[in-house]
Amino acid sequence: MSSTFTAQLPHLTGTRFANIHHDDDAIIQAINHLLQDAIAQQISDIHFEPYETFYRVRFRRDGLLIEIGRPPLDVSARLTVRLKVMAELDIAERRLPQDGRFKFTNDSKTDIDIRVSTCPTLFGEKIVLRLLDPAQLNLEWDQLGYDPKQKQLFLDAIARPQGMVLVTGPTGSGKTVSLYTALRQLNTTDKNLLTVEDPVEIYLPGVNQVMVNRKAGLHFPQALRAFLRQDPDIMMVGEIRDLETADIAIKAAQTGHLVLSTLHTNSAADTLVRLFNMGVAPFNLAASVSLIISQRLARCLCSHCKIPHTLPDTILEEMDILYKTDKLGMTSNTFQANTDGCQHCHQGYSGRIGIFEVMPITTAVREKILTGTATEIAQQAEKEGMLTLQATGFKKVLAGMTSLSELSRTIDLRDNALKK
């Protein structure tokens with residue numbers, strides 16, 4: 001952990017954890033201070049992890065985990081109990097995972113929604129807190145990182161009265177923020193918007209939001225069937241996980257509704273293969289899907305301490321051959337991170353920006369969906385001007401927004417020379 005980041009967490013680095021086993025009130029104070037510090041540092045997750053000989057706490061900042069303290073091992077059970085009480089979980093149940101949530105008021109009197117997940121491990125219960133701070137949610141198009149052409153394709157797709165828009169990528173890649181940015185724009189008084197999510201992470205007034213409730217038997221398919229009887233205009237499905245959900249969503253997209261959803265896939269074209277493997281017929285996909293977006297989040301270089309860095313000619317040549325950077329209209333203005341960081345960042349990075357691959361389903365792409373492979377679909381989309389994740393990422397490297405090393409950490413580069 002960098003000295004700069006440590007200095008910004010005074011409650012956690014000195015003796016804050018040292019004496020908490022002497023007083024239950026100190027447990028409460030320590031957790032409250034921990035949450036206040038995490039919110040101030042724009043932390044997305046907090047991990048409480050028990051091991052055989054130590055107990056540690058880690059923050060996830062800008063996508064990376066950072067160890068910030070090791071409380072005494074003999075207070076781990078008390079920390080666990082306190083967190084479970086806050087989330088209204090069963091403190092006597094230690095053998096099964098549990099999920100809960102609670103609200104925490106920070107120093108600025110803002111209510112922060114905190115999601116809690118417990119998981120039994122060999123040496124105790126691991127607890128992860130997901131901090132959902134509305135002040136950190138940026139639902140403005142220009143702040144997400146879309147290329148102007150990509151943004152317009154997205155806007156055109158959600159302006160249609162029917163069809164399906166899919167946003168894909170791994171967990172934590174910003175899919176929900178992209179969808180809610182679209183929902184925010186679509187949220188007008190003349191539209192009926194309904195969402196089903198697991199769980200609801202962002203509250204948006206004017207949108208009818210439903211949370212999956214497995215204990216009550218409310219899953220994605222049941223909610224979608226109910227939506228179709230609720231006179232919907234626009235529906236958002238938190239994730240398509242099975243054939244039943246996919247079938248209902250596709251039928252809705254074919255019968256006069258705009259449907260937004262997410263999947264976990266590596267690229268836009270791979271999304272179609274995933275749906276094929278679920279059992280969705282190719283002709284149904286060709287007829288219903290209008291746009292697929294694959295996305296990642298890369299850390300932004302700190303504007304206060306980033307270091308100018310000239311890429312070797314061999315790297316630039318590889319970029320030009322693989323990604324046609326000469327057509328991206330960008331000049332080489334590359335930088336690398338200052339690993340020592342400064343008061344504005346952690347190890348030379350501050351904040352994250354989206355990297356996107358936006359694939360419109362054109363007539364030619366539809367034909368490939370019916371007869372071709374994922375590779376052929378991707379090749380056809382690139383012929384029509386689609387920027388791949390790699391090309392969009394290099395565009396941001398050449399603009400000085402992020403570094404080549406961060407790009408190689410975030411996405412799969414096609415050539416090993418570019419990873420060096």
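**Figure 1. Overview of the chain in the predicted model.** Of the 420 residues in the chain, 50% are buried (under 20% relative accessible area; exposed means over 50% and partly exposed in between, with a 1.4 Å probe and protein chains only). This is a predicted model in which local features need pLDDT of at least 70 and side-chain atom pairs count only at pLDDT 80 or more, whereas totals for chains, interfaces and linings use all residues. Residues are numbered from 1 along each chain as its sequence is written, and side-chain values use heavy atoms, with hydrogens and water left out. The chain has 16 helices and 15 strands (DSSP runs numbered from the N terminus: H or I of at least four residues for helices, E of at least two for strands). Its accessible surface is about 19600 Å², with 49% belonging to carbon and sulfur atoms (Shrake-Rupley method, 1.4 Å probe; for residues, only the protein chains shown count as cover). Of the contacts between residues at least 6 apart in sequence, 65% join residues at least 24 apart (contact: heavy atoms within 4.5 Å).

**Figure 2. The seven-stranded open sheet.** The strand order is β9-β8-β10-β11-β7-β12-β15, and the pairing is mixed (two strands pair if DSSP finds at least two bridges between them). At the edges, β9 (208–211) and β15 (349–360) each pair on one side only. From one strand to the next, the twist averages 20 degrees (axes are lines fitted to C-alpha atoms, for helices over the stretch in contact; angles run from 0 to 180 degrees between N-to-C directions). Helix α7 (residues 175–186) lies across β7, β8, β9, β10, β11, β12 and β15, at about 165 degrees to β11.

**Figure 3. Strand β10 and its neighbours.** Strands β8 (residues 193–197) and β10 (residues 234–237) run parallel and are joined by four bridges. Within this pair, L194 has M235 as its bridge partner, and T195 has M236. Four bridges also join β10 to β11, again in parallel, with M235 opposite V259. Which residues cover the two faces of β10? I234 and M236 lie on one side, M235 and V237 on the other, and all are buried. Helix α9 packs on the sheet and touches β7, β10 and β11, its direction making about 135 degrees with that of β7.

**Figure 4. The largest nonpolar core, around M359.** This core has 39 residues, and L275 and M359 have the most contacts inside it (a nonpolar core is a set of buried Ala, Val, Leu, Ile, Met, Phe, Trp, Tyr and Cys residues joined through side-chain atoms within 4.5 Å). Helix α9 (residues 243–254) gives the largest share, six residues. Leaving aside residues up to four places away in sequence, M359 touches A268, A269, L272, L291, I292, I377, A381 and M386. A second, separate core of 28 residues includes I31, V57, F102 and I112.

**Figure 5. K84 in helix α4.** K84 belongs to helix α4 (residues 76–86). The residue has a relative accessible area of 1%, so K84 counts as buried. A polar atom of its side chain lies 3.2 Å from the backbone oxygen of D90. Beyond four places in sequence, K84 touches L89, D90, I91, E93, Q98, T118, E125 and I127.

Figure 6. V75 lies in the loop between β3 (64–69) and α4. The residue counts as buried because its relative accessibility is 0%. The C-alpha atoms of V75 and I27 are 8.5 Å apart, although the two residues are separated by 48 residues in sequence.

Notes. Polar contact = N/O pair within 3.5 Å; in protein donor to acceptor, adjacent residues only side chain to side chain.
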